[in-house]
Each structure stands twice: as C-alpha cells, then as structure tokens.
Amino acid sequence: MKGVVLAAGRGERLRPLTDDRPKVILKVANRSIIEYVLENLDPFVDEFIIVTRYMGKKLIEALGDEFNGKPITYVEQLPGDGTAKAVESAREHVGDEDFIVVNGDIYFEAEALRELISAFRRESADAALVVKEFEDLSHFGMIEVEGSLVKGVREKPGKVRGYANLGIYAFKPVVFDFIEKTDLSDRGEYEITDTLNLMIKDGRKVVCAVYDGYWNDIGRPWNLLELNEYLLKNKLKHDVRGTVEEGAVLIPPVEVGEGTVIRSGAYIIGPVKIGRNSNIGPNCFIRPYTSIGNNCHVGNAVEVKNSIIMDHSNAPHLNYVGDSIIGENSNLGAGTITANLRHDRGNVKVEIKGKLEDSGRHKLGAIIGHGVKTGINVSIYPGRKIGSYSFIGPGAVVDKNVPPKSLLVVKQEKAIREVQ
C-alpha cells in the first residue's frame, strides 16, 4: 500500500509559528510533526506520497526524498481547497492500488492504523476511517455508525456525545470517481467527508475502526504544548550523550544530545529533552515538560518550565520562560520575562484569526515566532503572540500581539537637570 499524507495547509491558526513555514515541519519534542506521522505509517506502506502547497519547498528541504529508506514523492495540490481535492492530487501516483490517507497535522499512535487496516480488509470495504468517541462534538464532524458500518457524516452537531472523524482513512481507488462528483461545501472547500456521504448513498461499503488511544489535532499553538507534554511523559528515555559538568543535577528522565554541554549549577527535572550542540547553564533551572532544540543556549539565572524552545534560539540570562513556545533563531534579551498566569486566574485567551479563543489552559505564556529579538527587561503578557522577524525594544511591555517584521519601541520622556 501507499501512504498519502495531506500537508498543503497554511496553518493560519498556528501563526506566528507558520509565518515562514508549513505547520507540518514545526518541531515538537525536537522532531517535526510530519515525522511522527511518517513513522507511524512506515510499517504499513512501501511508499509515501506527500501533498503540498503552502511553502512546499521548505517541506521538501526538511524531509528529503526518503524516510527510513522508503521513497517520498511530492505532489502539489490541484487548484481548489479541501481534503477531497488534496486526495485527488495523488491519483496519478496511487494508480489502481488500495491506499491510506492521513492528515499531516495530527498525532496518533500506530495502533490507529492497525485497527484501520484490519477493519478495511476484514469488511472488504470501499473506504474505512478511524473514529474516536468524545463527550463534546462541537468542533468535530459526527460519524453516524451502525456496528462497524458508517451510515453518514454530519458536520459539527453541537455539544453531544459521539464518534468523531480523526482524519485517518483507507480507500479503494473507486473513491476518485466519487471525488469527481463532490461539490463545494458551505465553507467553499471540497470535503472528503462529503465524498464519503456520496459513497454511502451509492451503496458503497464504508466502515469505521474505533480508536481509544491518544490523538491530537494540532491546529492551535497550545496543541503543540499538549503534544510536547504527552511525548515527554510517555516516550522519553533517560539518555545523556553530551557532557555534564560536575555540579550539574539531572533528575531522570532527561535526554541530552551529542555535543551538548550541561554546565555546573544547572538543575534539570525530567522529563526534559535537549537537542544537539546546545549550551545549558551555568546555574539555570529547567523544569518538567520542556524541550530545547539543537544549537540553543539557556544560560545563567534562567528558568524554563513546560515550554518549547526551537533550534538556534537563546534564553541566555535572567529570563523566565513559562508555558511558552519560542520559534527558531530567536533571542531573548537579559530580563525578558514571559508571564503565564492571569491575575484573575481565569483561562488564558489567545487571538486566533482575529477572534479571541479560550485556550482552556490556566497557564499559557508567549507564542514567539522565528527570528525574533527582544531587548533587556521586556515583559510579555500571557497568551500574546510576537510575529516572526520582529524586534522588541528594551523595557517594552507586550500587552498586545505584535505583527511579523515589526519594531516595537518604548518612547520615554527624559529630563536632565543640574544638581544643586
């Protein structure tokens, strides 16, 4: 079988982290999202087909032309938006074989694919999809089932309990005939769920596989933190390959990459993951559920907690980074602080596509893009976003989001008087 991975989306809700790159190559626990998808697909397929559009060249550069020795073919999505159009883009490369389709911006365990393929083959189905039961389907399409048979798909039925579509499918090539008949949805997209409804109405056999494991639809910045915590809690092993100086304390599990130096006075409480060739300490405090990328510097009198610091970024001295995400090639000036708790202790809200959304998190710090530089003594309010390649001047209080490629400075009135 071939594995088709849908990776054409812009990732608008993840900005500023997707200002200059597709969301599927954002790193969580020091690996890109799409690598986790490919790793789970790997045992079940002999070739990967990745559908791209937004900044596809960066995705190709990040992954290359093979994964675990199996070839990757890249295809650009055909004109038009939506998952059905994305699947159709792979038609030429799929040929007359059965194939798997997975959204490239989700995390799941390999058990989901085992259940999917088992149901698909056992039932001799034309299509199969993975579903999971949720208490509230307000943000999901509802899959109506009768035993293992799918009877229909309803879009976001409200706050009801039921089975949700997880974005993991198996198809016979006949699906392409029904994609051709799929009309634009109310959202202006060609939806694969509409294609499934057409197949069901035509009497084609569509079945589901129920999955009870962990799944994360990585659509908003805090989803990255949720996934980071899950991976560090459940997948990390104590493995120190770098240098640990005398006087540093590592409480397992802590993973340290080759070439990294943990300097004296560093106190690290796992689970924590640190990449290659990074410089940690002296005299810093790294708390659980933190991942620090390659070629990073976390220095003197810095505290980091439950955060993601991506490659080539620095929190060099006198910083607090709590429940935050820092993109690549960013640098925090001395005294830059990310606040992560509201005074009223309510959930932190974040502006997503022009509207405030409740993150559902009691603690959430800053979301800082790539190539950002802050000056000394910068304070960042909870849930605020700083666009990529922006500069924040000394002493600034970031109480509103900062657009990409912006300069934020504080003007001061100064008076110099002669001392009598």
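Which residues is V102 in contact with, leaving aside its neighbours within four places in sequence? I started my notebook there, and the list reads V4, V5, L6, V37, L41, F108, L113, G167 and I168. Contact here means heavy atoms within 4.5 Å.

**Ground rules**

I am working with a predicted model, where local features need pLDDT of at least 70 and side-chain atom pairs count only at pLDDT 80 or more, while totals for chains, interfaces and linings use all residues. Residues are numbered from 1 along each chain as its sequence is written, and side-chain values use heavy atoms, with hydrogens and water left out.

**Nonpolar cores**

From V102 I moved on to the core. A nonpolar core is a set of buried Ala, Val, Leu, Ile, Met, Phe, Trp, Tyr and Cys residues joined through side-chain atoms within 4.5 Å. For burial I used relative accessible area: buried is under 20%, exposed is over 50%, and partly exposed is in between (1.4 Å probe, protein chains only). The largest nonpolar core has 42 residues, and I34, L41, I100, V102, F108, L113 and I168 touch the most other members. Helix α5 (residues 110-122) gives the most to this core, with six residues. I took helices (H or I, at least four residues) and strands (E, at least two) as DSSP runs, numbered from the N terminus. Another core, of 32 residues, lies apart from the largest one and includes V256, I262, I280 and L332.

**Aromatic rings**

Next I searched the whole structure for aromatic pairs and found ten. Rings of Phe, Tyr and Trp (its six-membered ring) pair if their centres lie within 6.5 Å; planes under 30 degrees apart count as stacked, over 60 as edge-to-face and the rest as tilted. F99 and F176 make a stacked pair, at 5.4 Å centre to centre with 10° between the planes. This pair links distant parts of the chain, since F99 is in strand β7 (residues 99-103) and F176 is in helix α6 (residues 175-179), 77 residues apart. Both partners turned out to be buried: F99 has a relative accessible area of 0%, and F176 comes out at 2%.

I also noted one aromatic cluster formed by Y36, Y107, Y214 and Y230.

Then I looked for charges over rings, taking NZ of Lys or CZ of Arg within 6 Å of the ring centre and within 35 degrees of the ring normal. The charged end of K132 sits over the ring of Y211, 5.8 Å from its centre. K181 places its charged end over the ring of F178, 5.0 Å from the centre.

**Cysteines**

How many disulfides does the structure hold? I found zero, with a disulfide counted as a pair of cysteine sulfur atoms within 2.5 Å. C284 is buried, at 3% relative accessible area.

C208 is buried too, at 6% relative accessibility, and L129 stands opposite C208 in β13. Strand β13 (residues 206-210) has four of its five residues buried, so it is largely enclosed by the rest of the structure. Strand β9 (residues 127-134) runs parallel to β13, joined by five bridges.

**Sheets**

I counted two strands as paired if DSSP finds at least two bridges between them. Eight strands form an open sheet with parallel pairing, in the order β15-β18-β21-β24-β27-β30-β34-β37. Its edge strands, β15 (239-240) and β37 (385-386), each pair on one side only. β15 pairs with strand β18 (residues 254-256) in the parallel sense over two bridges, and E255 in β18 is the bridge partner of D239.

Within strand β24 (residues 290-292) I stopped at S291. S291 is buried at 0% relative accessibility. Beyond its neighbours within four places in sequence, S291 is in contact with A29, N30, N228, L232, K273, S307, I308 and I309.

A three-strand open sheet has the order β35-β38-β40, again with parallel pairing. β35 and strand β38 (residues 391-392) pair over two bridges, and T374 stands opposite I392 in β38.

**Last stop: a loop residue**

Is D20 buried or exposed? D20 is buried, with a relative accessible area of 7%, and its place is in the loop between β1 (2-7) and β2 (27-28). Leaving aside neighbours within four places in sequence, I listed Y54, M55, K58, H370 and Y389 as its contacts.
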